[in-house]
Amino acid sequence: MSRLVVLAGGVGGAKLALGCQALCMGDDLTVVGNVGDDFHHCGLRICPDLDTLMYTLAGVVNTETGWGRADETWTCLQTLADLGGEDWFQLGDRDLAVHLLRTAELAKGRTLTEVTGSLCAALDLPTRVLPVTDASVATRVISDQGELAFQEYFVRERAEPIVKSIRFAGADESALSPEVAGLLASATTEAILIAPSNPWLSIDPMLAVGGMREALRNAPAPVVAISPIVNGQAIKGPTAKIMRELSLDVSPLSVARHYRDVLDGFILDSLDQQLAADVSAEGLAVLACQTIMNTLADKKTLAQAARAFAADLRVHAKGK
Ligand code: FO1
């Protein structure tokens, strides 16, 4: 049973997930992670968003970068570079152990859901982390430098190429994992939160998975998104840059409109309170509160506000 479900990308999504974990007990929380950033590198299957969620919730993340592990060493990467191998994607020694194990277990025929479950158990996670799908759905960025795989765009090219469009290879043939489909359809799920992750790079690949949009629209629980845009800026990463390149206003209103067909409610920052009426005019319930999460207390407070907002929507929901 899981009463709170969070759809999350990597670093930004992990902050809300951590706040929810501080709020929830036992198996009350499930975090559903993006797999659009996953790729094969040096023969290994790397799942950056799932690992960021897992490491953050286990308290072993590198808090300076927000990804990778704390107390990391880099002997393998340095040796790889000395041998003329690719070193643009930084894989630390501890982190590599996860990629080695995951790759070996997947090769035995286990699903990504099963392997992620085993890794979470080994890290003593109180929270369930699920990949949105067991299929491969790869984010591809069509840019002024041609079509790039996600990590080529994001890490190797430092998100500098100008984005023209984004596609999700494999999405048409993909399906939600049975675990995720079951949670979204469950009457015991009280709220589905869309974390303030990058809507275009981190949440859209999840929405592109076969059955996801319908599952959110038909979910008995209210679906609430939190804006990653505050006061005309992205909290983190290239969201604002991408919005400008896609000719969108860098505003929470653009984000609310982008998600509108799957949402019941939208949370924007108190600094954007003046936009609440415009969001409401889109047919969405609106809450304005502090969404910037610097401390664990901030994360927990936002998680609490989002859960209470969703509970209110559940009572007053139209047709839910
Ligand atoms: N992000 C970087 O900016 N540079 C890296 O070298 C890098 C390595 C890396 C290794 C493992 C991992 O789980 C994540 C890693 N990330 C790195 C983060 C990752 O590429 C992005 O933050 C996400 O894919 C976007 O959500």
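This is a predicted model: local features need pLDDT of at least 70, side-chain atom pairs count only at pLDDT 80 or more; totals for chains, interfaces and linings use all residues.

A volume is the space filled by probe spheres set on the points.

**Entry: second largest pocket**

With that settled, I looked up the second largest pocket and got a volume of about 300 Å³. I count 16 lining residues there, and T56, V61, T63, G66 and K299 are the closest to its centre. α1 is the top contributor to this lining, giving 4 residues. Sorted by class, I have 5 nonpolar, 7 polar and 4 charged residues in the lining of the second largest pocket.

**Entry: largest pocket**

Next up was the largest pocket, which has a volume of about 820 Å³. Its lining runs to 42 residues, with G10, V11, W67, F154 and K236 closest to the centre. I then checked which helices take part: α1 (11-23), α2, α4 (93-107), α6 and α8 (199-207) each supply at least two residues of this lining. The largest share is from α2, with 5 residues.

**Entry: where the ligand sits**

Which pocket does the ligand take up? I found that the space taken by the ligand is the largest pocket. Two elements give two or more residues to the shell around the ligand, namely α2 (48-58) and α6 (150-156). In that shell α6 gives the most, with 4 residues, whereas in the lining of the largest pocket the largest share belongs to α2.

**Entry: the ligand shell**

I listed 13 residues around the ligand, and D37, D49, F89, Q90 and Q151 come nearest. By class the shell holds 8 nonpolar, 2 polar and 3 charged residues.

Which atoms pair up with the ligand's oxygens? For D37, I have a side-chain N or O atom 2.7 Å from an oxygen atom of the ligand. For D49, a side-chain N or O atom is 2.8 Å from a ligand oxygen. Q90 uses its backbone instead, with a polar backbone atom 2.9 Å from an oxygen atom of the ligand. Last item: on its own the ligand has 530 Å² of accessible area, and the protein covers 88% of that.

Terms used: Residues are numbered from 1 along each chain as its sequence is written. Side-chain values use heavy atoms; hydrogens and water are left out. A residue is near a molecule or strand if one of its heavy atoms lies within 4 Å of it. A polar contact is a pair of N or O atoms within 3.5 Å; within protein, one must be able to donate a hydrogen and the other to accept it, and residues adjacent in sequence count only if both atoms are side-chain atoms. Accessible areas come from the Shrake-Rupley method with a 1.4 Å probe; for residues, only the protein chains shown count as cover. On a 1 Å grid over the protein atoms alone, a cavity is a set of points where a 1.4 Å probe fits but cannot get out, and a pocket is an open set with protein on both sides within 12 Å along at least five of seven lines; lining residues have an atom within 4 Å of a point. A molecule sits in a cavity or pocket if more than half of its atoms lie within 2 Å of its grid points. Ala, Val, Leu, Ile, Met, Phe, Trp, Tyr, Cys and Pro count as nonpolar, Asp, Glu, Lys and Arg as charged, and the others, Gly among them, as polar.
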